[in-house]
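Student: I would like to go through this structure element by element. Where shall we begin?

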Amino acid sequence: MMLRLIAALMLLSLPARADLFIYGGGDQILTIYSSLDNHLAAPLIAGFQARNPDVTVRYEELLTGALNDRIVAETDAGRDTADFAFSSAMDLQVKLANDGYAQPAVTPDSPGWPRWANWRDTAYALTFEPAVLVYHRPAFRDRPPPSSRFELVDWLAHGGVGVRGRVGTYDIERSAVGYLFLARDQEHFPDIWSVIGAMGRADVQQFPTSQQILERVNDGRLLIGYNILGSYAADWARDYPDVGMVLPRDFTVVVSRVGLVPRAATRPDLGARFLGFFMSRAGQTILAEKLRLPAVSLEVAGENSARAMQAALGAQLRPVPVTPGLLVYLDQAKRARLIDRWRQATGRD
């Protein structure tokens with residue numbers, strides 16, 4: 001009786017349902033939990049269903065934290081959960097895998113997948129998204145924009161009053177990707193705090209989203225945006241001629257969206273089948289060309305791919321590996337110390 005009561009209470013505490021979208025009318029049902037906007041995911045789902053017309057896709061769009069909590073709560077309550085989970089929160093996805101909430105899924109492309117992008121055939125990096133500098137093109141007609149952190153510091157130091165308040169970046173207290181980019185910067189470049197200090201002296205503006213930064217770069221309220229997620233920046237640079245983009249030539253941090261098949265999946269076979277399509281040349285091509293998210297697969301050679309970036313930039317690229325090392329970014333004491341130093345360096349303390 002007590003066990004049934006506990007189970008009932010756990011079910012009542014499950015996170016609320018997400019926005020739900022149904023694709024197809026097949027007799028098999030594949031459930032996906034994802035942080036990717038539904039309209040962006042639609043071409044990938046269409047490509048999968050062209051090969052699997054008997055599969056209906058239930059696509060549930062959630063925020064990254066809610067996605068993680070949902071899988072944990074449903075699994076712990078003894079319920080079925082998603083068959084495939086796809087999230088931009090690398091650390092939370094790896095934590096699910098590390099804590100036993102995911103199961104191995106081997107696809108035809110698993111053996112050739114980059115080692116940094118595959119943790120024990122359980123969590124896979126599926127996109128390749130660099131942190132970039134964005135800039136207001138009209139402001140740099142007479143000189144090239146900064147293309148490294150040293151050049152950014154020099155621009156800030158010699159730009160005079162015209163640069164004050166006109167450099168922007170993520171608010172790392174409200175942006176998970178902003179926090180991850182800064183933490184990786186610190187690991188790759190011990191002198192990163194001189195860069196942050198220079199931005200602080202120039203009254204750096206902080207925002208929780210890429211869109212807020214890119215809007216301001218486009219209209220000239222900001223001249224430079226630092227550490228902006230490259231997939232969004234590339235979209236803006238294509239659509240708005242006043243937005244330029246540079247991959248820093250000293251080093252470029254690369255993050256990924258991570259996919260996995262949950263341990264408590266209703267149809268793990270369908271989850272693994274969707275993962276296999278996602279990792280295939282066809283799926284990765286759709287990802288790069290239609291979703292405009294850079295592909296990891298080295299079989300995809302277009303401009304929007306890891307292969308093209310590696311050919312152009314080589315060792316400059318620093319992908320964040322899909323390993324339990326990511327869990328350090330969930331350590332609250334370490335997070336508090338980094339945020340405190342950020343506040344001091346940016347003059348927000």
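Student: Between which two strands is the loop with Gly 112 found?

Tutor: This is a predicted model, so the answers here are computed from predicted coordinates. Gly 112 belongs to a loop, and the strands on either side of that loop are S5 (102-103) and S6 (118-119).

Student: Is Gly 112 buried or exposed?

Tutor: The cut-off for exposed is over 50% relative accessible area. Gly 112 has 62% relative accessibility, so it counts as exposed.

Student: How far apart in space are Gly 112 and Leu 298, C-alpha to C-alpha?

Tutor: In sequence, Gly 112 and Leu 298 are 186 residues apart. In space, their C-alpha to C-alpha distance is 8.8 Å.

Student: Why is helix H4 described as largely enclosed by the rest of the structure?

Tutor: Buried means under 20% relative accessible area. Among the buried residues of H4 are Met 90, Asp 91, Gln 93 and Leu 96. Helix H4 (residues 90-98) is largely enclosed because the buried residues number 7 of 9.

Student: Which residue with a positive phi follows H4?

Tutor: The phi in question is near 90°. The residue that follows H4 with this phi is Gly 100.

Student: Which residue in S4 is the bridge partner of Ser 34?

Tutor: S2 also runs parallel to strand S4 (residues 84-87), joined by 3 bridges. In S4, Ser 34 has as its bridge partner Phe 86.

Student: Which residues form one aromatic cluster with Phe 86?

Tutor: The search of the whole structure gives 12 aromatic pairs. The cluster that holds Phe 86 also has Phe 48, Phe 84, Phe 274, Phe 277 and Phe 278.

Student: Over the face of which ring does Arg 149 lie?

Tutor: Arg 335 lies over the face of Tyr 179, at 4.7 Å from the ring centre. For Arg 149, the distance to the ring centre is 3.7 Å, and the ring is that of Phe 251.

Student: Which residues of the largest nonpolar core touch the most other members?

Tutor: This core has 106 residues.

Key
Residues are numbered from 1 along each chain as its sequence is written. This is a predicted model: local features need pLDDT of at least 70, side-chain atom pairs count only at pLDDT 80 or more; totals for chains, interfaces and linings use all residues. Side-chain values use heavy atoms; hydrogens and water are left out. A nonpolar core is a set of buried Ala, Val, Leu, Ile, Met, Phe, Trp, Tyr and Cys residues joined through side-chain atoms within 4.5 Å. Buried means under 20% relative accessible area, exposed over 50%, partly exposed in between (1.4 Å probe, protein chains only). Rings of Phe, Tyr and Trp (its six-membered ring) pair if their centres lie within 6.5 Å; planes under 30 degrees apart count as stacked, over 60 as edge-to-face and the rest as tilted. A charge sits over a ring if NZ of Lys or CZ of Arg is within 6 Å of the ring centre and within 35 degrees of the ring normal. Helices (H or I, at least four residues) and strands (E, at least two) are DSSP runs, numbered from the N terminus. Two strands pair if DSSP finds at least two bridges between them.
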